[in-house]
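Q: Hey, can you walk me through this one? I'm new to reading structures.
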Amino acid sequence: MSKLGLTVPPIKGETAFSLASRLAARNGVDFSEFLRDMGISHRALFDGTDAALYRLAELSDADAADLRRNTPQFEAGGRASLRGHVFPAVALRGAGIRGCRDCLEEDLGREHSEGAAIRGVWLLLQVTICLRHGRPLEPLWTEAQPIRRCDSAARFLELGDHDWKSLPIAEKREPTTFDIWLQERLEGKTRRPIWLDEFSLHAASLFCAELGRAAIATKLPKWKKLAPEDLWRPSSVGFDLCQSGEAGLLAALTQLQQMMGKPEDGPKKIFGNLHEMLAADPLPSELAPFRDFLRHHIETTWPLGPGEEILGEPVLKRRLHSVASAARATARPVAEVRSNLIAAGLLPEGSAKLPDEWAVFYADQAGALLAQIALNLSEKEFRQAFGLTGEFLDQLAASGPLASTRHADGSLNPMQGQALLDDLLCGAETVYVPMHHWTDIPTAARHLNCRLVEIIEMIRDGRLPRIGRHVQRQGFASILVDLASRPAGENPISGELFAVSQGIPKSEMLSFLHREMMTSRFAASPRAAGERRVLTSDDVAGFHRDFISYRKLGLAAGLDWAQLDAFLDENAVAPAAGCRRIYRRRDVSTLIAQR
């Protein structure tokens, strides 16, 4: 069949499903029936397949290239493309349909239009405004069923029955530089190139949105939701911070973190969802450049040590000290530490202008100076500095790890105490609010009916596999252990909890167990009907005998993730079959043996 006798006028930017719905209405036929009669699968139409688009173009005399340009093409693997740009399918296929009221009014004024047209760009969540009218897009309808959601002519009739024109209309606003940049890239227009043009449109727009939300948190707390009419603001703020390129953005991030808090709060708290998005595992490849950018920024501006993380990666060794952290490590006043560093030429000029918490310098270069100025502390001072009880210090200094560092007069060196603390916290998770099974060392000792120093030994030899650092506490009081992460006697642990203790994504661990790569058993779930996979101490021992997680491998080898990736690539070491973060020990034995 060629062109239909009754057609509708073409509308610039219209999607294929919108055109098909108007054609059905023009011919007085139900949408589903029309598609069936015309030999078009509704699934193929909604997925934007070439066959469906060409068939629709033939029936309507529309330009097939225009239909393809304005209709998202959905692909396998949860991806979709629009005008040559790739997005996650969810960014283009939500349950809601939005539109510009002014555009819709114009459409409805056309003869034989059979309703208004849904534009393809309106489907993209990052698009929030019509550039031509300066009118914010507003929700039109929400339908879970695709066949009803895409039958736009029928939905507009329903809206007409409710006199939708009388509803309040969104006030016009000036399009932001982000709005213009986003839609010009969608249009393929030539413009002055900026740094963000180097990256995928989806990744760049996401980065702008989360960066902007972190920035406006200086005035609006992250936990407080933005009003619907203000949802465009984060992207605009983030884009403006990026316009001057990497150098300008680095300066903005430095200023932002100083305004938002102190280094002890951690990058996760300061950067909020921006940190969470870029710390995701697995991370979409298009976001990797932004992860690398933020990671480099944190590495070069934050005084982080063992027990802290950079985008989910544990810090193995302190790279930078701040004046404040060095003062704590040496038990010296901050003003004295600062003056000594400046006199020795160890505090960079740029850092010297910053507050003590953010005035950073290289820890290795200043190691000898800090050791020289460190002040030995009395037992009372040492306890106060490191959050220790008298009993805890007595056990550490009498026969424990600090026994050889105690001076004849009973005093102790704070840097040696810090070295022990760093060793215990290496690979620890960052904990903001202790929940579930997290306990401090004294509580764990009481629960296990053992001495405090025995808990220290369990941490060091791996019998307590999951360690945390309480952000709101200092010294040894910040050390948390998860007693439930170790199977004991007749008490097995769940596969999910074991995954967390090893730094393995839960879905990967459950797949690993389902494929019976290690022994496990089923037990009744305590919170829901049915059973779950659990591991006994023998099961866990079997895993550690044959396998090791990516996170634990980095810790065992003493390598950061960039170094670890380089080793794995150079030696062509792949994860165990069907895995991403689990390796066979036999494949990495040489790496562990080098430690």
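Q: Is E114 buried, partly exposed or exposed?
A: E114 is partly exposed, because its relative accessible area is 30%. Buried means under 20%, exposed means over 50%, and partly exposed is in between, using a 1.4 Å probe and protein chains only. Before we go on: this is a predicted model, where local features need pLDDT of at least 70, side-chain atom pairs count only at pLDDT 80 or more, and totals for chains, interfaces and linings use all residues. Residues are numbered from 1 along each chain as its sequence is written, and side-chain values use heavy atoms, with hydrogens and water left out.

Q: OK, where does E114 lie?
A: E114 is in the loop between α6 (101–108) and β5 (129–130). Helices (H or I, at least four residues) and strands (E, at least two) are DSSP runs, numbered from the N terminus.

Q: And what is E114 in contact with?
A: Leaving aside its neighbours within four places in sequence, E114 is in contact with V8, R22, A25, R26 and A153. Contact means heavy atoms within 4.5 Å. E114 and S152 are 38 residues apart in sequence, and their C-alpha atoms are 9.8 Å apart in space.

Q: Switching topic: how many disulfides are there?
A: The structure holds 0 disulfides, a disulfide being a pair of cysteine sulfur atoms within 2.5 Å. Take C242: the nearest cysteine sulfur belongs to C208 and is 4.6 Å away.

Q: Is C242 buried or exposed?
A: C242 is buried, with a relative accessible area of 0%. C426, on the other hand, is partly exposed at 32%.

Q: Now the sheet with β12 in it. What order do the strands come in?
A: The order is β12-β14-β15-β13, in an open sheet of 4 strands with mixed pairing. Two strands pair if DSSP finds at least two bridges between them.

Q: Which strands stand at the edges?
A: β12 (429–431) and β13 (438–440) do; each has a single partner strand, so one side of each is left without a neighbour in the sheet.

Q: How do β12 and β14 run?
A: They run parallel, joined by 3 bridges. In one of the pairs, E429 has G468 in β14 as its bridge partner.
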